[in-house]
Amino acid sequence: FNSVMQITLALQNPVVEAIPGAWRDFSEYEQGLFDDLIAFTSPLRNFRNIRRAMELQEISKTPCIPFTGLYLADLASQSEQL
């Protein structure tokens, strides 16, 4: 997750976005995928989208590799509540 987040942030850098014609070669579908990835990795609202995805992984019993910082923060929060 950390790698995906760093790549996504790097591609959103104004210098990268300003490269002439760099985004012209991507289809609308690929642009949509990138927009979804931006929304998924957004740190706004305390990584709400990632938390939701992790909860769905638990419900469906499929493997999930959580974002370590988020996982540790959740563990610390739970221990403080107890």
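These legends walk through a few close-up views of a predicted model.

The model is predicted: local features need pLDDT of at least 70, side-chain atom pairs count only at pLDDT 80 or more, and totals for chains, interfaces and linings use all residues. Residues are numbered from 1 along each chain as its sequence is written, and side-chain values use heavy atoms, with hydrogens and water left out.

**View 1**
Read from the N terminus, the elements run α-α-α-α-α. Helices (H or I, at least four residues) and strands (E, at least two) are DSSP runs, numbered from the N terminus. Of the 82 residues in the protein chain, 13% are buried; buried means under 20% relative accessible area, exposed means over 50%, and partly exposed is in between (1.4 Å probe, protein chains only). The chain exposes about 6,600 Å², with carbon and sulfur atoms supplying 60% of that area. Such areas come from the Shrake-Rupley method with a 1.4 Å probe, and for residues only the protein chains shown count as cover. Take the contacts between residues at least 6 apart in sequence: 39% of these join residues at least 24 apart. Here, contact means heavy atoms within 4.5 Å.

**View 2. Helix 1 meets helix 3.**
Two packed helices are described by the angle between their axes and the distance between the axes. For helix 1 (residues 2-11) and helix 3 (residues 28-40), the axes come within 10 Å and cross at roughly 115°. Axes are lines fitted to C-alpha atoms, for helices over the stretch in contact, and angles run from 0 to 180 degrees between N-to-C directions. This crossing of helix 1 and helix 3 is left-handed, a word used if the near helix is turned anticlockwise from the far one by less than a right angle, with right-handed used if clockwise. On the helix 1 side look for Val4, Thr8 and Leu11, which meet Phe34, Leu37 and Ile38 of helix 3. Sorted by class, the contact has five nonpolar residues, one polar and no charged ones. Ala, Val, Leu, Ile, Met, Phe, Trp, Tyr, Cys and Pro count as nonpolar, Asp, Glu, Lys and Arg as charged, and the others, Gly among them, as polar.

Thr8 lies in helix 1 and counts as buried, at 2% relative accessibility. Not counting residues up to four places away in sequence, Thr8 touches Phe34, Leu37, Ile38 and Thr41. Leu37 lies in helix 3 and is partly exposed, at 31% relative accessibility. Leaving aside neighbours within four places in sequence, Leu37 is in contact with Val4 and Thr8. Leu37 and Met5 are 32 residues apart along the chain, yet their C-alpha atoms are separated by 8.8 Å.

**View 3. Leu11 and the residues around it.**
Find Leu11 in helix 1; it is partly exposed, with a relative accessible area of 31%. Residues up to four places away in sequence aside, Leu11 touches Val16, Glu17, Trp23 and Phe34. From Leu11 to Phe34 there are 23 residues in sequence and 9.5 Å in space, C-alpha to C-alpha.

**View 4. Trp23, Phe26 and Phe34 form a cluster linked by ring pairs.**
A pair of aromatic rings is described by the distance of the centres and the angle of the planes. A search of the whole structure finds two aromatic pairs. In the pair of Trp23 and Phe26, the ring centres are 5.6 Å apart and the planes are at 40°, so the pair is tilted. Trp23 and Phe34 form a stacked pair, with 5.4 Å from centre to centre and 25° between the planes. (Rings of Phe, Tyr and Trp, its six-membered ring, pair if their centres lie within 6.5 Å; planes under 30 degrees apart count as stacked, over 60 as edge-to-face and the rest as tilted.) Trp23 lies in the loop between helix 2 (14-17) and helix 3, and Phe34 lies in helix 3, so their pair ties together parts that are 11 residues apart in sequence. Phe34 is buried, at 14% relative accessible area, while Trp23 is partly exposed at 24% and Phe26 is partly exposed at 41%.
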